[in-house]
Amino acid sequence: MNDPELDDIPGTTVFTGRQSRKGYQLNQFCMSLLQPANRQRFKENESAYLDEWLLTSAQRRAVVDRDWNAAIAEGANIYFLTKIFATDGTSFAAAVSTMAGMSVEEYQAMMLAGGRSPEGQRSIKEGR
């Protein structure tokens with residue numbers, strides 16, 4: 001089922017059933033990194049390890065580029081992406097700050113101040 005209201009939130013991709021199906025292989029790849037042997041194989045040869053998964057070219061590119069916004073657009077779940085962050089030795093704050101286009105310090109300050117302001121554009125359709 002598609003919910004048009006969920007597609008109308010600016011700057012947000014809601015992880016729906018549709019997104020889950022789209023990102024199934026990508027999320028399974030991420031979860032494979034829970035195993036130390038798989039993390040080691042991925043770190044030794046990312047390309048060969050990614051070849052083992054039925055990823056779309058866009059999903060693969062998102063992983064290779066560490067483009068987390070693109071990965072989410074391609075069906076990744078943020079909690080599954082944390083397996084890649086951890087494999088890379090990247091903190092959650094450092095990874096998601098790139099998604100917000102901020103430095104880690106700016107992101108942390110924003111979050112400590114209560115997060116993003118709810119003011120502003122609340123609808124993609126209405127903002128046109």
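**Figure 1. Y49, a residue of helix α4, and its surroundings in the predicted model.** With a relative accessibility of 4%, Y49 counts as buried, a word that stands for under 20% relative accessible area, whereas exposed stands for over 50% and partly exposed for what lies in between (1.4 Å probe, protein chains only). Helices (H or I, at least four residues) and strands (E, at least two) are DSSP runs, numbered from the N terminus. If residues up to four places away in sequence are not counted, Y49 touches F29, S32, L33, N38, R41 and F42, contact being defined as heavy atoms within 4.5 Å. Residues are numbered from 1 along each chain as its sequence is written. Because this is a predicted model, local features need pLDDT of at least 70 and side-chain atom pairs count only at pLDDT 80 or more, while totals for chains, interfaces and linings use all residues; side-chain values use heavy atoms, with hydrogens and water left out.

**Figure 2. The aromatic cluster that includes F42 and Y49.** Searching the whole structure gives 7 aromatic pairs, and one of them, between F42 and Y49, is edge-to-face, with 6.1 Å from centre to centre and 65° between the planes. Rings of Phe, Tyr and Trp (its six-membered ring) pair if their centres lie within 6.5 Å, and planes under 30 degrees apart count as stacked, over 60 as edge-to-face and the rest as tilted. F42 counts as buried because its relative accessibility is 0%. A single aromatic cluster is formed by F29, F42, Y49 and W53.

**Figure 3. The largest nonpolar core.** This core has 18 residues, of which L26, F29, F42, V63, L81 and I84 touch the most other members. Helices α2, α4, α5, α6 and α7 each supply at least two residues of the core. A nonpolar core is a set of buried Ala, Val, Leu, Ile, Met, Phe, Trp, Tyr and Cys residues joined through side-chain atoms within 4.5 Å. For I84, the contacts that remain once its neighbours within four places in sequence are left aside are F29, C30, L33, V63, R66 and W68.

**Figure 4. The buried face of helix α5.** Within α5, which spans residues 57-65, the buried residues are Q59, A62 and V63. Seen down the axis of α5, these buried residues fall within an arc of 95°, so they line one face of the helix; the arc is that of the directions from the helix axis to the C-beta atoms. Their cover includes α1 (17-22), α2 (24-32), α3 (36-44), α4 (46-50), α6 (68-73) and α7 (78-88). Following α5 is R66, which has a positive phi near 55°.

Figure 5. In the loop between α6 and α7, N77 is buried, with a relative accessible area of 13%. Along the helix, L81, I84, F85 and T87 are the buried residues, and they cover an arc of only 165° around the axis, which puts them on the same side of α7. Y79 and A86, on the other side of α7, are exposed.

**Figure 6. S97 in helix α8.** S97, whose helix covers residues 92-99, counts as buried at 2% relative accessibility. Apart from its neighbours within four places in sequence, S97 is in contact with M102, S103, V104 and Y107.
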